[in-house]
Amino acid sequence: MKYKSQIPNIFTFLNLSFGILAIIAVFYDQYGTSAWLIICAGLLDRMDGQLARKLNAVSEFGKELDSLCDLISFGVAPAILMWHLNLMGTGALGIGITLMFALCGAFRLARYNIAEFEGVYMGIPITICGGLVALMSLYSTRYATSLPIVFVTMIFLSYAMVSKRIKLRKR
């Protein structure tokens with residue numbers, strides 16, 4: 001059945017939809033909602049890959065689609081959320097950190113797509129980094145978060161996505 005092969009892509013598009021909705025929520029100052037949408041996108045991202053393997057529907061198209069959607073949901077959406085919530089008032093530094101996070105995420109995804117996967121991730125996956133930014137944003141909506149901590153965390157997560165020194169085994 002050829003429709004079976006599209007089921008993982010439906011989950012991928014749901015992931016993207018949640019990422020876009022997370023960005024829209026930021027425009028309405030709904031930071032908690034935005035963070036939860038990013039976290040839910042992460043769950044959908046986990047399920048699309050599992051479904052693709054389970055349904056024997058793994059494809060190059062699905063891999064590329066997943067990366068494009070992940071860039072929005074876990075690169076752009078968390079960066080915009082953190083910028084609007086904590087970095088907007090910091091001028092060029094905040095803009096630079098926002099750009100760096102999204103750009104490092106794009107670089108990480110592109111590098112991952114062309115690499116031979118041997119069971120070990122080079123750098124921390126964008127899904128994890130975007131999820132951590134969402135969690136940090138949830139914390140920031142309840143408690144005051146110092147700007148130096150936000151700066152250091154965003155810079156570290158950006159570095160962690162592209163680092164060849166950080167290696168994680170896939171489980």
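Author: Helices (H or I, at least four residues) and strands (E, at least two) are DSSP runs, numbered from the N terminus. This is a predicted model, where local features need pLDDT of at least 70, side-chain atom pairs count only at pLDDT 80 or more, and totals for chains, interfaces and linings use all residues. Residues are numbered from 1 along each chain as its sequence is written, and side-chain values use heavy atoms, with hydrogens and water left out.

Reader: Where is N56 found?
Author: In the loop between α2 and α3.

Reader: Is N56 buried or exposed?
Author: N56 is exposed, because its relative accessibility is 71%. The cut-offs: buried is under 20% relative accessible area, exposed over 50%, partly exposed in between (1.4 Å probe, protein chains only).

Reader: Which loop holds D29?
Author: The one between α1 and α2. D29 also has a positive phi, about 60°, and is not a glycine. Its relative accessibility is 44%, so D29 counts as partly exposed.

Reader: And Y28, where does it sit?
Author: In the loop between α1 (7-27) and α2 (31-54). Y28 has a relative accessible area of 62%, so it is exposed.

Reader: What does Y28 form with I20, L21, I24 and F27?
Author: A nonpolar patch on the surface, with about 540 Å² of accessible area together. Patch residues have over 30% relative accessible area and no salt bridge; nonpolar side chains (Val, Leu, Ile, Met, Phe, Trp, Tyr) are joined within 5 Å, like charges within 9 Å. A salt bridge is a side-chain nitrogen of Lys or Arg within 4 Å of a carboxyl oxygen of Asp or Glu.

Reader: Switching to the inside. How many residues are in the largest nonpolar core?
Author: It has 32, and I38, M82, F101 and M154 have the most contacts inside it. Two or more residues come from each of α1, α2, α3 (60-87), α4 (92-114), α5 (126-142) and α6 (147-162). A core is a set of buried Ala, Val, Leu, Ile, Met, Phe, Trp, Tyr and Cys residues joined through side-chain atoms within 4.5 Å.

Reader: What does F101 touch?
Author: Not counting residues up to four places away in sequence, its contacts include F74, P78, V133, M154 and L157. Contact means heavy atoms within 4.5 Å.

Reader: Last one. Is T145 buried or exposed?
Author: Buried, because its relative accessibility is 17%. T145 is in the loop between α5 and α6.

Notes:
Accessible areas come from the Shrake-Rupley method with a 1.4 Å probe; for residues, only the protein chains shown count as cover.
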